[in-house]
Number of protein chains: 2
Amino acid sequence: MITVQASSAQTKSLTQYVKPLNGTQRMGHVYPGATVPFGMVQLSPDTDTIPYEMNGKYNPDVYKYCAGYQYDDATIVGFSHTHFSGTGHSDLGDFLIMPTTGALQLNPGTAAHPESGYRSKFSHANETASPAYYKVKLDDQNITAELTASARVGMHKYTFPEKTQAHIILDGMHGIYNYDDKNVWTFFRVENDTLVTGYRQTNGWARTRTVYFAMSFSKPIKTYGFRKMDPAQAYRGFWGKFKQDKDFPEMAGHRIRSYFDFDVEAGEAVQIKFALSSVSTEGALLNMRTEIPGWDFAAVKAAGEAAWEQELAKLSIESKEQETLESFYTAMYHAALSPTIYMDVDGRYKGLDQNIHTASGFTNYTTFSLWDTYRALHPLLNLVQPQRNADMVQSMLAHYDQSVHKLLPVWSHYANDNWCMIGYHSVSVIADAVMKGNAPFDANKALDACVASARHRSYDGVGAYMDMGYVPEDLSGASVSKTLEYAYDDWAIAQMAKKLGRNDIYEEFLKRSGNFRNVWNPATGYMQAKLKDGSFVTEFDPLSTHQKGYIEGNAWNYSLYVPHDPKALIALMGGNKAFVRHLDSLFTMHLPDEFFAHTEDITRDGIIGNYVHGNEPSHHVAYLYNDAGAPRKTQERVRMILKHQYKSAPDGLGGNDDCGQMSAWYIFSSIGFYPVAPGSNQYAIGSPAVDKAVLQLGGGKTFTIVAHNQSAKNVHVKKIVLNGKPFNGYNIDHETILAGGVMEFYMEN
Amino acid sequence: MITVQASSAQTKSLTQYVKPLNGTQRMGHVYPGATVPFGMVQLSPDTDTIPYEMNGKYNPDVYKYCAGYQYDDATIVGFSHTHFSGTGHSDLGDFLIMPTTGALQLNPGTAAHPESGYRSKFSHANETASPAYYKVKLDDQNITAELTASARVGMHKYTFPEKTQAHIILDGMHGIYNYDDKNVWTFFRVENDTLVTGYRQTNGWARTRTVYFAMSFSKPIKTYGFRKMDPAQAYRGFWGKFKQDKDFPEMAGHRIRSYFDFDVEAGEAVQIKFALSSVSTEGALLNMRTEIPGWDFAAVKAAGEAAWEQELAKLSIESKEQETLESFYTAMYHAALSPTIYMDVDGRYKGLDQNIHTASGFTNYTTFSLWDTYRALHPLLNLVQPQRNADMVQSMLAHYDQSVHKLLPVWSHYANDNWCMIGYHSVSVIADAVMKGNAPFDANKALDACVASARHRSYDGVGAYMDMGYVPEDLSGASVSKTLEYAYDDWAIAQMAKKLGRNDIYEEFLKRSGNFRNVWNPATGYMQAKLKDGSFVTEFDPLSTHQKGYIEGNAWNYSLYVPHDPKALIALMGGNKAFVRHLDSLFTMHLPDEFFAHTEDITRDGIIGNYVHGNEPSHHVAYLYNDAGAPRKTQERVRMILKHQYKSAPDGLGGNDDCGQMSAWYIFSSIGFYPVAPGSNQYAIGSPAVDKAVLQLGGGKTFTIVAHNQSAKNVHVKKIVLNGKPFNGYNIDHETILAGGVMEFYMEN
């Protein structure tokens, strides 16, 4: 049901600062289309249809299209209903819709020759992107496209410039990261003259994935047709007894495109409601009828905007700078796109066992990019969206229950784990929720799931790690990264076990949490890959990201990954002074050009010295100065990163937003603190970059941060006053924030 | 739950006469494996794995394997769980299981070199087939295989001759009528050390079909593995981080084979329960746990046998001839194999719209080979299985409700219509049920469905048929066959409409029922193909089955297809004398050898003169002598057909059993009457070939047929006495039979 919040009209609009186009150029991998907070539908323009392979080889250009849209492109292929936000591999792009007029074209055509297909040229001058709303003029035929959405339903409005026969293309072959045989099966069915249902089954990043839909038109279809793009098939029953090319109501195959024609007057709009479900076409129809029963596009848009206002208001800021306001609220927006709701309005969803489950007492979510998001996104949600974060944990536990591996999610979407990246970081998210008292679920059962995941010997070197205290590089690659991250995860489990009084588990995992020491090479001063015989890998280039032992980070960056015990790390590295010198080098060294030539994902923009912000392993690093007695350096570096790695512009993100992790870093850091080790209740204090921030704690309670005298120059914290009393130290704990009040930073140059 | 009927042990075994191997040689296309009456599981050996295409061309040998088994073959590939009985195209063969020992082989090998794969030689000497039980020795490794089944669960018992490591192969690629890309998707999951679940999705005769399973072993799996037979794939997530070749619990792809290994002692048996579902793996597991909770193979077998005793006893006979007893009860058996139950124990099933439906108040069935079975099988079930037949009608009406075409089934299986053959013969089955008072459903709604199907203009020439009174050959092929069958179906609708007081429909369809006249060519004396300009197709060979206008029958046979108005047909053909002469010619003419060379499905064995019994269109023809005043010729011809077209032997069926239609003809004819025009309440009287038949009418009421002095020579009916009173005429009506009593035939030479 659509309920426009009564108060939204009276409050100041925060959505005005959100720029969905920010980050759509180059590396951000975000999409500019219409969605509501954590919505199941992400209805967004796709600007190209690059296949994953060309002539049997990986096509590196596909990477640019992880979210379907690249700002520099001149054409739009159409509008599809599912998109990841900021990922570094991809999938989805289901059910592309495109309005056209003139001669029917059922292939997308090429960017160089848009007239060769149904795609159209467009320009940013005629494009508007705001929360829950996207509008663009399709220049080729002067059609205005508008998109909005509810949680499970996308709504399209296509306004045609003249009296004509309009085509609405529904391309069942289109997809993001498409392969020749990615489309396992497609089923389309014209139920009546305004309703089409069906599903699309794919084999991609999600190995076995089915998305059902129900599509309703605002006026009756005049005529329609399906086109099977499959090669000629062997005997398949006696469907040939029908003329199937036109007005034949059912089609199934691997690759299907379709069109629906309408007579339109000049200025007339054809509207479409397009609902998704993981359960069935019945489920999609139920979602449509529940969420958008009518045809009032403006009301759906207003409801979506009101939902965004409500979410953004949970953490609001004041700043004199438009740039800051835009960057902040756009970060808030990007941090509220995923994980995405994954269930029908009745709570049903398809689980990993391919059976239909019902989420009982919680909202089920999917799209867990956990190697990224355990760091700051989930801690942020724990503060700003405690209910949702608890539901996300329940979703992870449901995943675990359904998993035949009995593993918590690693990188999961749509009832699949794609196993991308490393670690068992679900345990960090769960421990953080439990430690912060946001655990309305069976915490002991959750701990059992964490322990089972951390003891799963056949998973990614864990068996050897358990036996030897480190992952041997000759048994399992990226062994340094794995050892360090496992050790942190183990510490998170230990914290939770301690809190729950599970002492044997506490001791087992506390011991494991010290395993970072086992890859420390005192001879070089780096964390380094060891072989199963105990010797270090001799070939070693601390700058290289292609160095054996590491993934998405070099030895310089990864060697700092002991978030749970910075004191121990500092001791290994020779004490505070040596450690500060090491960090200073990291942030200031000049890298040779070859570095960039050989490093995926990283440009000079995404890096400060050799500090890589575009990838996650160093996200805590600027805060480590605090632990070495140099908090002013933390304050400087944080502000430098905020300034240089983010800007309010299409090219404003220095790396993939990674499902909100980059944005969550921005949000925390700009209000003055950051969760260095999720699972602890401590946040490291940095340097607030806003004048004021108000965190809504529920029930009218707030925690307010005020930064007196803050400016681009005044980045240092002179003193802190909490609720009128002096505050010392460089950590603030979660309970203090939850108690509410005012934290005043007095800033200086 | 398994309930062995208490009385079964005391009654004489009728199952002893059933020979499931009858008809497995050449054309019968029946399967010899284990199943219960109308069971959802048909667990049976497959003797070859012929692909539908070889080198891109149709492989005619595939036709022999419609039921998976050919008696002349020397090897068994394995045992799969779904089989059609007697069809002339095919599908199914899901989930092949094969036990082996020695070196693991995961390909089936060839018939010429069985040692090249997992298949095994076998001999009929070591083979036993009886209702609900099949046993064979697999010679290659001396393994004894035994099969039994409940309605939804197959049970396997494999006894190994020596202490060894045994392999159980589960081949997810195997299938009947297999194409390269028939396997759309396969999903296997090892839930624990005795339970495997998954599904198989195919694109075959059923265009979009998914079968879920749950497989349970009687002892823990020692080790297992999956083998993907797909070509190398593009990027598909990060599954490669696991060693997936062995003991990895989940696999998905287009083509998957798997093995499960067990340590066995000499003489030890490994048992398997294999449950199916159209809904989910949960549904399959529910079916398994409900129907076969334990591991007592003998009890499951006994329950299956008891179920068969109960069905066979519904129409029992006495005969002095073992051949007759075997042919009769084997026919009863074949007439109780399909339509098959199509729902889980909780009533849920996947419908044509791909959604899950619940059969409320009836058992849902599938596998409707209606062009065949409307003739005699459904009328037989109306008498012998009234509850099931009414449920089958309800299943057809559910099909109609779910059909996006709003058409009753034509040839449907597993939530698909394959549209095989012609007509809209569901209306005959429905009308027959309504007219015979066996309609515990909304008969008016059923009539509406019949009318909608008969007025569906885009279906197979119906639009032109409605406009012109015949199907023009230049608009839609097989036009004579269609016109004649539509006219009969229209008559059936008219009868039902009359009974329900729907006069406008009665008149519309009574008029349509006379359309057979529109293809009658008085110049040639045949029903002949007309063009849309009203002229007859000039090229015409009344013997050819490749003649334009006809399907599965030549002009000689098809011209006699006016079952609802034989008197009018006789008049067209010049009156009784000319008609009898015409029939005599049909049964006695000598056909040239070329005829057989060019005619699919028909050998000299399947034909008497030019009368073709192996195909259905003439099944009523022998009874037409009655209408021309020559009942003794009906009696002679019927007995001749019974004698020459059926015998109790592997090659005992002259044509495809066609889901029980051939068997139903045998059953009716051998007890003395036949439903020439289903939808009327009349049965034409022939010549009983048994000494006595007792039909159970429920509640202890019986209708008994006694044939005094019946013998191979005494085929003529001298007189009939019904309940002690002389009975005249050559038709008996349904109400008379339902009233119960004794009908005595006095036979003479």
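Q: Which strand order does the open sheet of three strands in chain B have, and which pairing?

A: The order is β31-β32-β37 in chain B, with antiparallel pairing. The edges are held by β31 (673-674) and β37 (731-733) of chain B, each with a single partner strand, so one side of each has no neighbour in the sheet. On the terms: helices (H or I, at least four residues) and strands (E, at least two) are DSSP runs, numbered from the N terminus, and two strands pair if DSSP finds at least two bridges between them.

Q: Before we go on, what kind of model is this?

A: This is a predicted model, where local features need pLDDT of at least 70 and side-chain atom pairs count only at pLDDT 80 or more, while totals for chains, interfaces and linings use all residues. Residues are numbered from 1 along each chain as its sequence is written, chains are lettered from A and ligands numbered from 1 in the order in which they are written, and side-chain values use heavy atoms, with hydrogens and water left out.

Q: Back to that sheet, then: over how many bridges do β31(B) and strand β32 of chain B pair?

A: Two bridges, in the antiparallel sense, with β32 covering residues 682-685 of chain B.

Q: What is the order of the open sheet of three strands in chain A?

A: In chain A, too, you'll read β31-β32-β37, paired antiparallel. Here β31 (673-674) and β37 (731-733) of chain A are the edge strands with one partner strand each, so each has a side without a neighbour in the sheet. Tyr674(A) has Ala684(A) in β32(A) as its bridge partner.

Q: Which sense of pairing links strands β34 and β38 of chain B, parallel or antiparallel?

A: A handy idea for any sheet: in a regular strand the side chains alternate between the two faces. As for this case, β34 (residues 701-708) and β38 (residues 741-748) of chain B pair in the parallel sense over six bridges, and Phe703(B) sits opposite Gly741(B) in β38(B). Strand β35 (residues 716-722) of chain B also pairs with β38(B) over six bridges, but in the antiparallel sense. There, Val721(B) is bridged to Glu744(B).

Q: At what angle do the axes of helices α3 and α18 of chain A cross?

A: Axes are lines fitted to C-alpha atoms, for helices over the stretch in contact, and angles run from 0 to 180 degrees between N-to-C directions. For α3 (residues 322-334) and α18 (residues 661-671) of chain A, the crossing is at roughly 130°, and the axes come within 8 Å. That is why α3(A) and α18(A) are oblique to each other (under 35 degrees is roughly parallel, over 145 roughly antiparallel, 65 to 115 roughly perpendicular, the rest oblique). The α3(A)/α18(A) crossing is left-handed, that is, the near helix is turned anticlockwise from the far one by less than a right angle, while clockwise would be right-handed.

Q: Which residues make that contact?

A: On the α3(A) side they are Thr324(A), Ser327(A), Phe328(A), Ala331(A), Met332(A) and His334(A), and on the α18(A) side Ser663(A), Tyr666(A), Ile667(A), Ser670(A) and Ile671(A) (contact means heavy atoms within 4.5 Å). Sorted by class, the contact of α3(A) with α18(A) has six nonpolar, five polar and no charged residues. Nonpolar covers Ala, Val, Leu, Ile, Met, Phe, Trp, Tyr, Cys and Pro, charged covers Asp, Glu, Lys and Arg, and the others, Gly among them, are polar.

Q: How far apart are the axes of α17 and α18 in chain B?

A: They are 10 Å apart, with α17 (residues 631-645) and α18 (residues 661-671) of chain B packing at about 130°. So α17(B) is oblique to α18(B), and their crossing is left-handed. Val638(B), Ile641(B) and Leu642(B) of α17(B) meet Trp665(B), Tyr666(B), Ser669(B) and Ser670(B) of α18(B). The class tally for α17(B) with α18(B) is five nonpolar, two polar and no charged residues.

Q: Where is the cis peptide bond in chain A?

A: Most residues other than glycine have a negative phi, and most peptide bonds are trans. Ser338(A) and Pro339(A) are joined by a cis bond, omega about -5°, and Pro339(A) lies in the loop between α3 and β21 (340-341) of chain A. On the phi side, Ala478(A) has a positive value near 55°, in the loop between α9 (462-468) and α10 (479-499) of chain A.

Q: By what turn can chain A be laid on chain B?

A: Two copies of a chain are related by a rotation about an axis and a shift along it. Here the turn is 180° and the shift along the axis 0.0 Å, with an RMSD of 0.0 Å (least-squares superposition on C-alpha atoms of residues with pLDDT of at least 70 in both copies). The two copies are therefore related as by a two-fold rotation axis. Val184(A) comes closest to the rotation axis among the residues of chain A, at 3.3 Å (C-alpha). Both copies use the same surface, since 100% of the contact residues of chain A recur in chain B.
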